[in-house]
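Work through the exercises below with the model open. Try each task before you read its solution.

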Amino acid sequence: MKNYRSYRDLPSLAGLCALEEAMAPGLSVEKCVARLKRYHYAFKRLHHIFNARITAEPIYELKMGFSLHAHLCAEHATALRARVGEMREPPLGLEVVPDKNLEIFFDEIVAAPATETLIAGIYQKAVPALKAALEHHVAQTNRLTDAPSVRLCRFALLELEDMAAFGLKCAGSLISAGQAEAMRPWLTLLDDCLSAAGGLDGSRESGGKEILRQFSKTPFQFVKTPRRDARFPDPYNMGVNAEVFLYDESMPADAKVLMMFYKRLREIDVPEMMAGIIAETPGKPWNYYRDMTRQLWDEARHAMMGEVGFAQAGVEWPKNVMINFTWSLGLNTQLTPMERHGVLYFIEQGLMPKNGKRHEWEVARKSHHPLCALFQDYDWADEVLHARIGRDWYLKEFKNAAEGVEYGDRCWSKVLVGWNQWRQEGLTGHRNWWPDCYRQACQHWNVEADPRALAYDTTYEQVRADLKAISASG
Ligand SMILES: [Fe+2]
Ligand SMILES: [Fe+2]
Ligand SMILES: [Fe+2]
């Protein structure tokens, strides 16, 4: 065998690995599947944790990071499900908990009482454990026989490394030495869970230690009320109606660019709302969660486009743009998950006709603002995908499309907007922040502010975002 050579020394085995490696015993199909199911379980639980903590997590950057990481975990869980299905496995048993100590491990993390403990649990324990398990798989399995699994592991590792790097920075900035010290016993408990489970992949002898739950003694409950950090000082502010401005032909295009950035950044409330639908709708086929999480991530991305737009236009958005949470707050606290999905679908199918996303893109192009045009181009493309996701998962519940649309409209009208009540309670003055925002951008662009645009003063008191009169007002 020593003399065995490939033709003219070309890479043998399609370049997968060396011959010696392909002679290694590797993992049997049974062992391989048992491990794949554990990785799948870990990605599924991480997806659940990220999603379940988006709404009540106040820090904007973490909301965005969790949205991405929920999406990545959903994608890898999807790929692993398919792989398990290829391995003589029916019935697949993908909904079975592979180990009760692994279950406690993830239960503890989702129930972490504060941002700091959550970050430490996810990024210092769960992500590294999963990463080590996948590396171990690639090292142990036969790279020829199990090439399809190796491929999935390698792709997943790329993104787990990104997640770990993000988490490391967050932990470095957010967790003080004192906090790290205080949470040490809990992090040790997480280690104990993994040891008791025989490692995340179950490849080691399981330690016999009885695990006592700490944070998950009372089961985790999804928190519906959105929370925001200090850069959102006026979250009830509905003082500037972006849509009325955008459809006003007489308003200047460059000012409309800012209104579109505002609308994009305000999309932060869509992940806050969609996370609740996903968290509170159990029992759907896996692809429902996968598709809905993809959409959630797109919405987070749209919010970040707005952030980038304001930064480029020299507008300090925390000070001069009031990003409210009234939509996610209203929907999450007043409607059932199905009703919220109805509102989402109603809004998104309404974006498709000519006066919706196409209009925004055309306005952006007319304004000769290439970045805004690019954002609107992708925002539009993403929204077309979302309308499709809505047709696949929401509309199916109705006899016909018209019924589904009508239901969504009705649900939206049901949401009480406390425009006056919030003012009376001192929660907001509905301050018109628009002139400050517009003036700051004009200074940055070195152009004269348009007096008509500067004088704009239309709120959401009477007209909701689809330009319909608000019927119910608390
Ligand atoms: Fe959106
Ligand atoms: Fe969008
Ligand atoms: Fe959307």
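**Exercise 1. Decide whether Ala120 is buried or exposed, and place it in its surroundings.**

Solution. Start with the count. Ala120 has 26 C-beta neighbours inside 10 Å, so it counts as buried. The cut-offs are these: buried means 20 or more other C-beta atoms within 10 Å of the residue's own, exposed means 12 or fewer, and partly exposed lies in between, with C-beta atoms placed from the backbone. The model is a predicted one; local features need pLDDT of at least 70, side-chain atom pairs count only at pLDDT 80 or more, and totals for chains, interfaces and linings use all residues. Residues are numbered from 1 along each chain as its sequence is written, while chains are lettered from A and ligands numbered from 1 in the order in which they are written.

Next, find the element. Ala120 sits in helix H5, residues 115-140. Helices (H or I, at least four residues) and strands (E, at least two) are DSSP runs, numbered from the N terminus.

Now list the partners. Beyond neighbours within four places in sequence, Ala120 contacts Ala171, Ile175, Met183 and Leu187. A contact means that the C-beta atoms, placed from the backbone, lie within 7 Å. Finally, take a distance: 24 Å separate the C-alpha atoms of Ala120 and Ser203, which are 83 residues apart along the chain.

**Exercise 2. Describe the overall fold of the protein chain: how many helices and strands does it have?**

Solution. Count the elements: 21 helices and zero strands. Then check the size. The radius of gyration, taken over C-alpha atoms, is compared with the globule rule, 2.2 Å times the number of residues to the power 0.38. The chain gives 25 Å, close to the 23 Å of the rule for 474 residues, so it is as compact as a globular protein of that length. Along the principal axes, the C-alpha atoms fill a box of roughly 85 × 60 × 50 Å. Of the 474 residues, 43% are buried. Among contacts with a separation of 6 or more, 79% join residues 24 or more positions apart.

**Exercise 3. Find which elements of domain 1 touch domain 2.**

Solution. The assignment gives domain 1 (22-217) and domain 2 (242-454). Such bounds come from an automatic or database domain assignment. The domain centres, over C-alpha atoms, are 33 Å apart. Across the boundary, 15 residues of domain 1 contact 17 residues of domain 2. Helix H2 (29-52) and helix H3 (60-85) each supply at least two residues of the domain 1 side. H3 gives the most, with ten residues. By type, that side divides into seven nonpolar, six polar and two charged residues. Here Ala, Val, Leu, Ile, Met, Phe, Trp, Tyr, Cys and Pro count as nonpolar, Asp, Glu, Lys and Arg as charged, and the others, Gly among them, as polar.

**Exercise 4. Locate the largest nonpolar core and name the residues with the most contacts inside it.**

Solution. The largest nonpolar core has 118 residues, and Leu130 and Leu258 have the most contacts inside it. Both domain 1 and domain 2 give residues to this core, so it lies between them. A nonpolar core is a set of buried Ala, Val, Leu, Ile, Met, Phe, Trp, Tyr and Cys residues joined through C-beta atoms within 7 Å. Past its neighbours within four places in sequence, Leu258 contacts Ala313, Val315, Cys437, Tyr438 and Ala441.

**Exercise 5. Determine what covers the buried residues of H14.**

Solution. In helix H14 (residues 326-334), seven of the nine residues are buried. Among them are Trp327, Leu329 and Leu331. The cover includes helix H11 (269-279) and helix H15 (337-350).

Methods. Two residues are in contact if their C-beta atoms, placed from the backbone, lie within 7 Å.
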